Amino acid sequence: MLLIWHRFFSDCVRLILKGERILTFGRRNTEEIKLEETKVWVCSSTVCKCWIRDNFKSSAEPLCPICNSKMILTTKELQVINNHSQKTY
Ligand SMILES: [Zn+2]
């Protein structure tokens, strides 16, 4: 029992230390978060909240992957995904 508590405690300490490191190193990253008007397809169903990015769609006029309803093209303010395999503009 004592050993379990000891392990739990040391895990907590490790998490706290990790968190501090993330905070100090993450400060620069939070400033770099960019929002961009992105083309998205939103499910036409009123009960379904599904949407997909235009560049992730499977066909010219995609159907909702959840409920198979028609999807409507619109735009959303989305965080720019830094994909290193793609060109950044
Ligand atoms: Zn749907």
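How many bridges join strand 1 to strand 2, and do these strands run parallel or antiparallel? The tour reaches that pair after a look at the whole chain.

**Whole chain.** Colour the model by pLDDT. This is a predicted model, and its average pLDDT is 76. A score of at least 70 is reached by 54% of the residues.

**Helix 1 and strand 1.** Select residues 2–31, which form helix 1; its mean pLDDT of 59 is the lowest among the elements of the protein. Then select residues 35–43. This is strand 1, and its mean of 93 is the highest.

Strands of a sheet pair through backbone hydrogen bonds.

**Strands 1 and 2.** Now return to the opening question. Strand 1 and strand 2 are joined by three bridges and run antiparallel. To see a bridge, select Val42 and then Trp51: Trp51, in strand 2, is the bridge partner of Val42.

**Asn68.** Move on to the loop between strand 2 (51–53) and strand 3 (71–79), where Asn68 has its place. What is the phi of Asn68? The angle is positive, about 65°, although Asn68 is not a glycine. Most residues other than glycine have a negative phi. Is Asn68 buried or exposed? Asn68 counts as exposed because 11 other C-beta atoms lie within 10 Å, and the cut-off for exposed is 12 or fewer.

Note on methods
Residues are numbered from 1 along each chain as its sequence is written. This is a predicted model: local features need pLDDT of at least 70, side-chain atom pairs count only at pLDDT 80 or more; totals for chains, interfaces and linings use all residues. Helices (H or I, at least four residues) and strands (E, at least two) are DSSP runs, numbered from the N terminus. A residue is buried if 20 or more other C-beta atoms lie within 10 Å of its own, exposed if 12 or fewer, and partly exposed in between; C-beta atoms are placed from the backbone. pLDDT is the predictor's confidence in each residue, from 0 to 100. Two strands pair if DSSP finds at least two bridges between them.
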